[in-house]
Amino acid sequence: MENDSSTKHVVLVTGGTGLVGKGIKYVVENGEKRENESWVFLSSKDADLTDYESTKAVFAKHKPTHVIHLAAKVGGLYGNLRANLEFFRQNMTINDNVLQNAYQNGAQKVVSCLSTCIFPDKTSYPINETMLHKGPPHDSNYGYSYAKRMIDVMNRGYSQDCDCKYTSVIPCNIFGPHDNYNIEDGHVLPGLMHKIYKAKLEGKPLTVWGTGKPLRQFIYSRDLARLMIWTLREYNEPEPIILSVGEEDEISIRNAAEKVAKAMNFTKELIFDTEKADGQYKKTADNSKLRKYLPDFKFTPIDVALKETCDWFVDNYEIARK
Ligand code: NAP
Ligand code: GFB
């Protein structure tokens with residue numbers, strides 16, 4: 001991505017109002033934006049990307065030279081368990097509409113977003129990018145996972161048949177300000193933050209779902225944002241790249257709950273509801289491909305990032321998605 005002021009770039013971010021989209025907006029507005037770039041952050045109100053004509057219209061309106069494609073039907077373990085078919089159908093349609101319209105509008109580059117949960121469930125660890133299609137994903141989110149894998153299939157087609165620079169990133173579990181704090185549909189960290197907020201008001205203990213034994217890697221949305229902007233500007237392989245903290249930063253759900261409790265000054269008991277599903281035990285990702293490119297990239301320490309996120313949630317409780 002040239003950095004000379006003569007070449008104007010229009011960067012369109014689909015899903016620009018979500019957790020990751022707001023992370024990118026924050027980073028762009030705090031020093032990352034280049035002079036020759038204009039950034040457009042889309043919401044579903046600008047265009048329903050499951051509708052081909054609406055997608056066509058919004059691409060024709062902005063004529064992006066570059067696209068960061070984040071828009072998706074996204075949810076935590078329990079949200080996926082309840083709606084695998086809808087996760088598959090909506091995400092398949094959104095992804096096909098976006099990549100096709102990016103191509104028809106001559107976008108030079110598209111970076112799409114996959115997830116470490118889409119890798120095969122029965123695999124060796126740590127997981128690397130070459131393992132993406134080597135076996136079925138976990139039962140709990142097969143709909144979302146297969147739809148996301150098809151982005152990699154389409155990227156290969158657009159690269160080989162249309163000579164496009166379409167690629168993708170594979171983040172681990174993400175957290176940060178502007179997340180989805182809906183307890184039933186959201187992910188574990190925002191779910192625990194919301195549950196603790198309520199438990200503090202009611203003077204009750206915190207109920208963590210499952211055994212607390214599963215392991216996860218968590219990346220701060222603002223760190224991921226910086227890495228996705230680097231991918232847009234500097235990474236030119238059609239094959240995906242894992243954007244994750246290292247294996248050494250993998251923690252148990254019990255430890256994650258203790259960290260959120262500490263960040264919210266919650267001192268009451270943690271109860272584990274083992275009737276609730278644990279989902280995938282682990283999905284340990286290998287970030288050595290990223291480290292080859294960016295050996296010195298510094299991730300925000302999780303306790304610092306959690307404190308910033310919990311403070312944001314408490315300060316913005318009224319407007320937060322719940
Ligand atoms: P999010 O907070 O739920 O935001 C989703 C975004 O997509 C919102 O901007 C939403 O717009 C937009 N969107 C949803 N359906 C749409 C539709 N039909 N038409 C147009 N826009 C639509 O999601 P996120 O957590 O930021 O996820 C961003 C990307 O990261 C996704 O591709 C997701 O699969 C991937 N990812 C997420 C995680 C995670 O832990 N959260 C982990 C790995 C990968 P509105 O605001 O208007 O609803
Ligand atoms: O974040 P989460 O919903 O998604 O759950 P996954 C992570 C783990 O936290 C599971 C436990 O082992 C849950 O049993 N957990 C404990 C809780 N308390 C809670 C709670 O209050 N809420 C939630 N949600 N979990 C998702 C995939 O898997 O990962 C998605 O299903 C997506 O498709 C996402 O890719 C990144 O990490 O299990």
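Select I174 first: a polar backbone atom of this residue is 3.0 Å from an oxygen atom of ligand 1, a polar contact being a pair of N or O atoms within 3.5 Å. The model is predicted, with local features requiring pLDDT of at least 70 and side-chain atom pairs pLDDT 80 or more, while totals for chains, interfaces and linings use all residues. Residues are numbered from 1 along each chain as its sequence is written, chains are lettered from A and ligands numbered from 1 in the order in which they are written, and side-chain values use heavy atoms, without hydrogens and water.

Next, display V20, where a backbone N or O atom lies 2.9 Å from an oxygen atom of ligand 1. In R321, a side-chain N or O atom is 2.7 Å from an oxygen atom of ligand 1. The protein buries 88% of the 910 Å² that ligand 1 exposes when taken alone (Shrake-Rupley accessible area, 1.4 Å probe).

Then move to ligand 2 and select D278, where a backbone N or O atom lies 2.6 Å from an oxygen atom of the ligand. For A277, the corresponding backbone distance to an oxygen atom of ligand 2 is 2.9 Å. Of the 710 Å² of accessible area that ligand 2 has on its own, the protein covers 97%. Finally, highlight α3 (77-82), which provides 3 residues, the largest share of the shell around ligand 2.

Note on methods. Polar contact = N/O pair within 3.5 Å; in protein donor to acceptor, adjacent residues only side chain to side chain. Helix = DSSP H or I, 4+ residues; strand = E, 2+ residues; numbered from the N terminus.
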